[in-house]
Amino acid sequence: MRMLILGGGWFVGRAVVVTAEAADHQVTVFNRGRSAPPSRIVTRVSGDRTDPADLARLAEHGPWDVVIDVHGVVPRHVGAAAAALRDAAERYVLVSTVSVYRDWPREPVHEGSPLHPADPDADPGEWTWGTGVYGPLKSGAEAAAARVYSPERLVVVRPGVILGPGEYGNRLTWWLRRSASGGKILAPGSPDDFLRPVDVRDLADFVLRLVEREAYGVYNVAGPADRDTWGDLLDACLTATGTTAPVEWVDGQWLAAQGVRQWVELPMWRTAPGTWAIDTTRAQRAGLTCRPLAETVTDTWAWLASGGQPVTTDRQALHGLDSDWERQLLDRWEARQAAR
């Protein structure tokens, strides 16, 4: 198949390029050139998706069977790309997020759950990960793509947390570096608490499977329910880094009461009941498969240890617990336990 990938040099896009090439598809990537695609075989078109002239020039390189938009966030830009490529690409795949759901993470969600109000023409200009607009913007991006591509020509994939080699969000990478540094590790909640991240390579495999089967519609993507726990994650991090360090499991409600910022200071931790309650039945029926969490952890550490460097974004600074603050929290918790 002839595929156009908007992006293709970063985390998800890079995994999609590798997966598509392994299946002998013809791949074109369109990006600003800040990071190179992972193969010299890929056809690369340089340009900025916010520039109408660049989009018009890109369309002349078609046609393609499908365009895969791995990083579209701003609705106006997604709509402009979709409109420019409407006659050059038969189908459009948008990698979105579970953050589009209005009630996530407070409540469980499925593909029919209410979304944030969508403005397909929204363009906030400069925005950052910490502003809280990501979910509404992605909801608008979905609406922008749907305004151009009819339902049978559109696929929307809504993943939760994505981990694996190349990660730039500083989630798993933070836990790995924290494990490698040794010393008593503060872990949130219980080792038996479940979590459901998905490996970026499994997400890429699933996207390609949908494309190859000419599927359409909306699909939630997350790891298997009731399989992986926080204990599994920390054990895998310690094993991968070759570290022997004690782990102190600290009550999540107590951590929240101390002012620990959920989801960011201890990456991937939240007390909200819907955090991992993501219905992925539809994706599983369409062929989603997920490798063991320990494999994701091991491969990510191998990538870091071999000199792998994530791309730099403002998202990285959001995640991670300051070492002094961690020590203070552990001291408070241990004093509390001793006094009981």
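Me: What covers the buried residues of helix 3 in this predicted model?
Reply: The cover includes strand 1 (2-6), helix 2 (52-59), strand 4 (64-69), strand 5 (89-95) and helix 4 (134-148).

Me: Which residues of helix 3 are buried?
Reply: Helix 3 spans residues 75-85. Its buried residues are Pro75, His77, Val78, Gly79, Ala81, Ala82 and Leu85.

Me: Why is Cys237 called buried?
Reply: Its relative accessibility is 0%. Buried means under 20%. Cys237 therefore counts as buried.

Me: What makes Cys290 partly exposed?
Reply: Cys290 has a relative accessible area of 22%. The partly exposed class lies between the buried limit of 20% and the exposed limit of 50%. So Cys290 is partly exposed.

Me: Where is Ala146 found?
Reply: In helix 4. That helix is among the elements covering the buried residues of helix 3.

Me: Why does Ala146 count as partly exposed?
Reply: Its relative accessibility is 44%. Buried would need under 20%, exposed over 50%. Ala146 is therefore partly exposed.

Me: What separates the C-alpha atoms of Ala146 and Gly307?
Reply: A distance of 40 Å. Along the chain, Ala146 and Gly307 are 161 residues apart.

Key: Residues numbered from 1 in each chain as written. Predicted model: local features only at pLDDT ≥ 70, side-chain atom pairs only at ≥ 80, totals over all residues. Heavy atoms only, no water. Buried < 20%, exposed > 50% of the residue type's maximum accessible area, 1.4 Å probe, protein only. Helix = DSSP H or I, 4+ residues; strand = E, 2+ residues; numbered from the N terminus. Contact = heavy atoms within 4.5 Å.
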